[in-house]
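Good morning. I will take a few minutes to walk through one structure. Please keep the picture in view while I talk.

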Amino acid sequence: MAAKHPIPSELVAIFRSARRVAVLTGAGVSAESGVPTFRDAQTGLWAQFDPAELGTPEAFARNPRLVWDWYAWRRELVERVDPNPGHVALAALEAALLQRGAQFTLITQNVDGLHQRAGSRNVVELHGNIRRVKCSAEELVVESWPETGELPPPCPRCGAPLRPDVVWFGEMLPAEAFALAERAAVESDIFISAGTSAEVQPAASLPWLALDHHAAVVEVNPEATPLTPQATYVLAGPSGVVLAQLVKAVWPEAS
Ligand code: APR
């Protein structure tokens, strides 16, 4: 039976000779694990709230308890779910490339930690991690705090409210992480943009940077994005299916 998402043979050849591969992932890669994307309608308790309005410094200043509770709900949600075949395929891709002496960088906009749980090692988190907490005043990561019953809990050092260590709309990305991501994009022979709407800057600039530096850019997304017309290869389908298919086509023994 023919594969539903055939992988072009030139792409297979490019992968087999690649020295540096970079991947940018977005919420779509976690969708098959049951983590809603930002553009999906929220359900249940949080249906009336727009994530783009809860994940902002202004929302936290206005109603810190509401924002804390929303992230606590999302933290519990991601702890209950498992990595899906898309995460697993990217971990297998990294292992296969490293075994062949090539380099691999996984740049993610996701804050759920599912790539690491699937076994990915060289992960650059552009938007932080929902499991970490930091002080809203000093920005220092905090491991534990006194259980006063107050929510958000107070920073054990300065008493300011604690917040999730994620990048909110309107905030700067961690400079070191973005510099690593830019370098990986510039140096890549192949750049995969998977499960991202390719609209939220500055992460969305990375595939364009790779294109400017003559990488083959592969988009994996069931829907078209602003990148689609420029991508070198478009694999239109869910990442759990397409990425698994890709790894299998390139290194049948690795998957
Ligand atoms: N496989 C691949 N792609 C998918 C799948 C799937 N199974 N399901 C949905 N998608 C695609 C959608 O077509 C869409 O293009 O995933 C993308 C999700 O887009 P967004 O929700 O905009 O997520 P993302 O691109 O990660 O957003 C970037 O914006 O909201 C902020 O900080 C937040 O990190 C986030 C950033």
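I will go from the ligand to the nonpolar cores, and then to some details of the backbone.

Before that, please note that this is a predicted model.

Let us start with the ligand. It is surrounded by 20 residues, and the closest are A27, E32, T196, S197 and N221. A backbone N or O atom of A27 lies 2.7 Å from a ligand oxygen. The side chain of E32 places an N or O atom 2.8 Å from a nitrogen atom of the ligand. In S197, a side-chain N or O atom is 2.7 Å from a ligand oxygen. Taken alone, the ligand exposes 730 Å², and the protein buries 89% of that.

What is the shell around the ligand made of? Its residues divide into 7 nonpolar, 10 polar and 3 charged. Helix α2, residues 27–31, gives the most to this shell, with 3 residues.

Now the interior. In soluble globular proteins, nonpolar side chains tend to be buried together. Here the largest nonpolar core has 32 residues, and F15, L93, I192 and L246 touch the most other members. Several elements give two or more residues to this core, including α1, β1, α6 and α10. Of these, α6 provides the largest share, 6 residues. To take one member, L246 touches I7, L11, F15, I192 and L235, leaving aside residues up to four places away in sequence. Apart from this core lies another, of 19 residues, among them A22, V124, A181 and A198.

That brings us to the backbone. Most residues other than glycine have a negative phi, and most peptide bonds are trans. A198 has a positive phi, near 55 degrees, and is not a glycine. It sits in the loop between β7 and α9. Is A198 buried or exposed? Its relative accessibility is 10%, so A198 counts as buried, the cut-off being under 20%.

E139 also has a positive phi, of about 70 degrees, and lies in the loop between β4 and β5. E139 is partly exposed, with a relative accessible area of 45%.

Two peptide bonds remain. The bond from L151 to P152 is cis, with omega near -5 degrees, and P152 lies in the loop between β5 and β6. The bond from Q201 to P202 is cis as well, with omega near 0 degrees. P202 is in the loop between β7 and α9.

That is the end of my part. Thank you.

Terms used: Residues are numbered from 1 along each chain as its sequence is written. This is a predicted model: local features need pLDDT of at least 70, side-chain atom pairs count only at pLDDT 80 or more; totals for chains, interfaces and linings use all residues. Side-chain values use heavy atoms; hydrogens and water are left out. A residue is near a molecule or strand if one of its heavy atoms lies within 4 Å of it. A polar contact is a pair of N or O atoms within 3.5 Å; within protein, one must be able to donate a hydrogen and the other to accept it, and residues adjacent in sequence count only if both atoms are side-chain atoms. Accessible areas come from the Shrake-Rupley method with a 1.4 Å probe; for residues, only the protein chains shown count as cover. Helices (H or I, at least four residues) and strands (E, at least two) are DSSP runs, numbered from the N terminus. Ala, Val, Leu, Ile, Met, Phe, Trp, Tyr, Cys and Pro count as nonpolar, Asp, Glu, Lys and Arg as charged, and the others, Gly among them, as polar. A nonpolar core is a set of buried Ala, Val, Leu, Ile, Met, Phe, Trp, Tyr and Cys residues joined through side-chain atoms within 4.5 Å. Buried means under 20% relative accessible area, exposed over 50%, partly exposed in between (1.4 Å probe, protein chains only). Contact means heavy atoms within 4.5 Å.
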